Amino acid sequence: MFRQLQVASKLKMRAVIRFLWEKRCNCTEIYRQLHEVYGEDAMSRQAIAKWCNMFENERTDIDDAMREGKPSTATNSEIAARVNESILANRRVAVDEVTNKLDISHGIVNKITVKLLDSVKFVLNPTAGTQHIGY
């Protein structure tokens, strides 16, 4: 039996998939081997099949491809501080106002207020159709 590794990055697993694919292993065999080594942290069968398909279609790199559209905004201390300032300036500020002012998504505002700032009170104003943040 093999020793199971605790943590594996996506990049490392993609490298293993690429290596095993080059050795002509099929997706099922790659899945079995990844699960022997990484256990529940291994990629799903669907993800492995997707990568095998991409390698078969002559993809050579294992990095994430650049995507079109608005780039995702990382939740960092600077953005959290800006959200906190907006809330402290007006404790009944609408979530839409914060998202528009800072050009971030509702999900990021929710994540910051709930997880980082420990503010869990959201008040829905049904007549105005807005959601407000409060302490």
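## Exercises on a predicted model

At 58% relative accessibility, E56 counts as exposed. Keep in mind that the model is predicted.

**Exercise 1. Find the helix that holds E56, and explain why E56 counts as exposed.**

Step 1. Locate the residue. E56 is part of helix 3, which covers residues 45–56.

Step 2. Recall the cut-off. Exposed means over 50% relative accessible area.

Step 3. Compare. E56 has 58% relative accessibility, so the exposed label applies.

Step 4. Look at W21. Along the sequence, E56 and W21 are 35 residues apart. In space, their C-alpha atoms are 8.7 Å apart.

**Exercise 2. Decide whether S86 is buried or exposed, and list its contacts beyond four places in sequence.**

Step 1. Take the cut-off. Buried means under 20% relative accessible area.

Step 2. Apply it. S86 has a relative accessible area of 7%, so S86 is buried.

Step 3. Leave out neighbours within four places in sequence. S86 then touches V93, V98, K101 and L102.

**Exercise 3. Work out how many aromatic pairs the whole structure has, and describe the rings of each.**

Step 1. Count. Searching the whole structure gives two aromatic pairs.

Step 2. Take W21 and F55. Their ring centres are 6.1 Å apart, and their planes meet at 45°. Planes under 30 degrees apart count as stacked, over 60 as edge-to-face and the rest as tilted. The W21 and F55 pair is therefore tilted.

Step 3. Ask what this pair links. W21 lies in helix 1 (residues 10–22) and F55 in helix 3, so the pair ties together parts that are 34 residues apart in sequence.

Step 4. Check burial. W21 has 15% relative accessibility and counts as buried. F55 is buried too, with a relative accessible area of 2%.

Step 5. Take W51 and F55. Here the ring centres are 5.7 Å apart and the planes are at 45°, so this pair is tilted.

Step 6. W51 and F55 both lie in helix 3, four residues apart, or about one turn of the helix. Both residues are buried.

**Exercise 4. Name the residues of the aromatic cluster, and find what sits over the ring of F55.**

Step 1. Join the pairs. W21, W51 and F55 make up one aromatic cluster.

Step 2. Look for a charge. The charged end of R18 sits over the ring of F55.

Step 3. Give the distance. The charged end of R18 is 5.1 Å from the centre of that ring.

Technical notes:
Residues are numbered from 1 along each chain as its sequence is written. This is a predicted model: local features need pLDDT of at least 70, side-chain atom pairs count only at pLDDT 80 or more; totals for chains, interfaces and linings use all residues. Side-chain values use heavy atoms; hydrogens and water are left out. Helices (H or I, at least four residues) and strands (E, at least two) are DSSP runs, numbered from the N terminus. Buried means under 20% relative accessible area, exposed over 50%, partly exposed in between (1.4 Å probe, protein chains only). Contact means heavy atoms within 4.5 Å. Rings of Phe, Tyr and Trp (its six-membered ring) pair if their centres lie within 6.5 Å; planes under 30 degrees apart count as stacked, over 60 as edge-to-face and the rest as tilted. A charge sits over a ring if NZ of Lys or CZ of Arg is within 6 Å of the ring centre and within 35 degrees of the ring normal.
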